[in-house]
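This note is for a colleague who is opening the model for the first time. Please keep the sequence and the 3D view at hand while reading.

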Amino acid sequence: MYWRIGCVEQLALQLQVDGPDKARRRPRSVTFSGAPPTATDNTARPQQTANVSIVRWADSPCGRYLAGITAQGIYLWKLRPFVLLSCLVYETDEFGPLVDIIWAPAVDNLRLFAVLGRGHIYEVAVQIQDQPVLEYVFATHHYYARGPGEEEGILGARLEQRRTYRLPSTDSPVVCAAAGQHNAVVVTHTHVYRLTWSGALQSSMPVADIHGDRVSQVVVMDSQGQQQQQQQELFVFDDKAVFVVQQATVHKLDIAETTAAAYSAASDMVVVGSATGKVRLFTRSGTELQPVDNGGTSQGRAARVTGLQWSSDGSVVACAYATGHVVVQSALGYELNSTHVGFGLDSAHLAWSGLWLTVCAKQHAAALAFAQAVGDGRSVCLFSDDKVFTHAPDASERWRVEHAPSSYLSSYGPIRLAAAEASNAVIAIAGTRGLAVGGNGKRWQQLRTAQERAIECTALAWSGRYLVAGCIDHGHDGAAQLAFWGLGQALDVPAAAVALDAPVQALGAYGAVVVAVSRQGQLHELGLLETGSTLQVTQRRTTSIHALVDVPRIRAVQWVPGAAAERAAYLVLQGTRLRLVADGQAADVGRAEMSMTSAVNVGGMHSLVWWFDGSQLVAAPLNLDDFMAGGARALAERRPRVRVVPAFFPLAVTGDGVAAGIDQDTVAFAAAGLAQMPVRVALWLPAALAHMLQAAESDALLYAACFEHRPFFTHAMEMLLLEALEHSQPELLDRAVRLLANFAVFDDAIVHCARKTEAAFWPRLFASVGGAARVFRRCLHAGRLHTAAQCLLVLQTLEPPAVAERCVLALLAHAARAQSRQLCTDVLKFLKLAAESDAGMRSLYTRLATTTF
């Protein structure tokens, strides 16, 4: 998940390539914090050049370059930093103006295809030069004067026109084009043409066979995974109607007022925006698009959606609105943040380049910096291009910011992977090569220079005090392995290493169990055993899941706790589909943003397997029988689930009964260049206990005993009682009271619960515990005088006046013996207020008002 940090960076949208005298200058940019600039603020206005009007934009498959066209020119920018590298300007309009531009899908052979209005296509190659177009010459090698991975400067690029193709018919003007994995789609007023990337015509069909209006946008839905569906095209027409075409089959979608659409091959999802500001998310199912249940956000009717773009991993989508706002939301519809870029976005293009989002309009451009969640489900930790943000336990400091070492980032930045040790005290990061470990005031450790150049990390995780890294050793013919380093150990020689069949696609760690999925679809389960200073790693299980899941789309893998090694089960997050892999089969568990496990290894309840479905945390409880059977049946069977609705995006679920995450509200500060992202927590223990109480009270008692000495235990019990009271569940209330009676906090939880709810619920609550007077007497005998004082209002409401008066006198006597002057004063204040409406209390207050304690 992505959260914005820092300020909006306004980019200089110039159409002239810098000459030799400017080759050593860094491109100029201005910034402002959050709100759009005022008309009198000349220094904060977006820079623009006269006669700049970009018709269409397209970002490269590698995410490093951005192409744009005017009516007569093709322009190529480097995205980070934003530098104009090359341009081709055509002085004649023999084939009409430039209408659209697309990139061929090959990452290692960058080619552009510019479509002209009269049915012609220019193939343009992007030639990367050996010499930098921008060099950074400073008196010092300070990293912040350059940027991640810019030690050698920014290499130049040149556009070279190669070929010109002609459509079968040039009578009908071209309106738009789109790129797929295997072909390009070009749409004219009358026909749809499908062309190979060598220019050959594959097929064509009349637009009238789809709909009787003009096409405004086409999106090619062509998945990249191994389990590929047939290619489909989504057509948006001028009358806002939407159709999906698969070969000759045409299917109309029930989506109104559509203005923009985008497809993610990584998650196999489609996002659609409307003229009313509505954004809806869909998954592909044959020729139909299935709506995501909790997907769909709206910014109001004035906020027309003008641009949509998925991130490269398909986990988030950026939405541009005509009002100038850019909203980033998760793949299942959770709104993460919103930003105003300082200019209108009537026609917008969005381009992701790592953790930077470039927002382009016809005459303006801006860049937004983001931080990405580590996503291990155990820590609240984010990383940006050059920093790692860890949540500090000290309430006075919400975040601890660790700056990655400049010596590492200048050569191998930006940060691509990060992992935080359980206490967030030690951090591991990896860029294009090597890795570094440090943080919290400790000196950063790096590999030796030769090792750093050869090692490429594809996954990072912590298993206890050991760092686990999926590595490719380019110094040994690209050999893949899992390497283990102990906390505080030098990185020169790993504590252990295990050779793999292919590089790691996903990596997960649970206690002493490490699970890795290779890019060839082999799942490896390894066990860790530490004996003294030696680490032993054993291959517990290796199985092929290539035929069960779509390996290129796997984002995370997790071991399901179980004792039966021959029936091991795993959760695989494939895009947004959470799949259970067990016994040579795979089954869908549900839609999920991320998954995590919290364990309590006692009693009848062994652990809870959690996932976040975009709106609520869902957990499958594994009892002892499930654990002994391997854990799969608890997820495969349709059992009731534990559900918690947090008011934030959860990033971690701990075994302490707490879920922690980040609020969507961010406040940017220009001076610090960072954002204060509020960290929020929620207790999941009450929901888990309520679930267990309905199944077996003995399991709930053993499970609750694990948390008895936690500081939040009393509060958790109060929430459990409130849940039963406010949702009118008398059976659950009786069971919760019986559970609570086994703990010393029984009376405290009852009284605190009463003070937090309405008086209408008090009779039912205190009837289940034997009456308010009985609770009061237990508090007096136990010496919990403050709890007894909080019970006075309940006594006045529920008990006869004589009983309430005796309780007040008894409390005053105990307070006097304890020499608690403050408590005596508080009781007298209560009597004074009660005397206004109660004659008995008025008489008692009159007698006691002059008493000296």
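1. Basis. This is a predicted model, in which local features need pLDDT of at least 70 and side-chain atom pairs count only at pLDDT 80 or more, while totals for chains, interfaces and linings use all residues. Residues are numbered from 1 along each chain as its sequence is written, and side-chain values use heavy atoms, with hydrogens and water left out.

2. The chain as a whole. The protein chain has 16 helices and 58 strands; helices (H or I, at least four residues) and strands (E, at least two) are DSSP runs, numbered from the N terminus. Of the 853 residues in the protein chain, 56% are buried. Buried means under 20% relative accessible area, exposed means over 50%, and partly exposed lies in between (1.4 Å probe, protein chains only). Among contacts between residues at least 6 apart in sequence, 52% join residues at least 24 apart, where contact means heavy atoms within 4.5 Å.

3. Helix 5 with helix 6. Two packed helices are described by the angle between their axes and the distance between the axes. Axes here are lines fitted to C-alpha atoms, for helices over the stretch in contact, and angles run from 0 to 180 degrees between N-to-C directions. Helix 5 and helix 6 pack at about 155°, with axes 7 Å apart. They are therefore roughly antiparallel to each other; the classes are under 35 degrees for roughly parallel, over 145 for roughly antiparallel, 65 to 115 for roughly perpendicular, and oblique for the rest. On the helix 5 side, Leu685, Ala688, Leu689, Met692 and Leu693 meet Glu697, Asp699, Ala700, Tyr703 and Ala704 of helix 6. By class, this contact has eight nonpolar, no polar and two charged residues. Ala, Val, Leu, Ile, Met, Phe, Trp, Tyr, Cys and Pro count as nonpolar, Asp, Glu, Lys and Arg as charged, and the others, Gly among them, as polar.

4. Burial of helix 5. Eight of the nine residues of helix 5 are buried. Among them are Pro686, Ala690 and His691.

5. Helix 7 with helix 8. Helix 7 (residues 713–726) and helix 8 (residues 730–740) pack at an angle of about 160°, and their axes are 8 Å apart. The two are therefore roughly antiparallel to each other. Their crossing is left-handed, a term used if the near helix is turned anticlockwise from the far one by less than a right angle, with right-handed used if clockwise. Helix 7 contributes Met717, Leu720, Leu721, Ala724 and Leu725 to the contact, and helix 8 contributes Leu732, Leu733, Ala736, Val737, Leu739 and Leu740. These residues divide into eleven nonpolar, no polar and no charged.

6. Surroundings of helix 8. Which residues of helix 8 are buried? They are Leu732, Leu733, Arg735, Ala736, Val737, Leu739 and Leu740. The buried residues of helix 8 pack against helix 5 (685–693), helix 6 (697–705), helix 7, helix 9 (746–756) and helix 10 (762–767).

7. Backbone points to check. Most residues other than glycine have a negative phi, and most peptide bonds are trans. Lys240 has a positive phi of about 75° although it is not a glycine, and it lies in the loop between strand 16 (232–237) and strand 17 (242–246). Asp583 has a positive phi near 55° and sits in the loop between strand 48 (577–582) and strand 49 (585–591). Lys240 is partly exposed at 27% relative accessible area, and Asp583 is partly exposed at 42%. The peptide bond from Gly413 to Pro414 is cis, with omega near 0°; Pro414 lies in the loop between helix 1 (406–412) and strand 34 (417–420).

8. Gly277 lies in the loop between strand 20 (269–274) and strand 21 (278–285) and is buried, with a relative accessible area of 0%. Gly277 and Arg304 are 27 residues apart in sequence, and their C-alpha atoms are 4.7 Å apart. Met628 lies in helix 3 (residues 624–628) and touches Ala563 and Ala564, not counting residues up to four places away in sequence.

9. Cysteines. How many disulfides are there? Taking a disulfide as a pair of cysteine sulfur atoms within 2.5 Å, the count comes to zero. Cys381 is buried, at 1% relative accessibility, whereas Cys706 is partly exposed at 29%.
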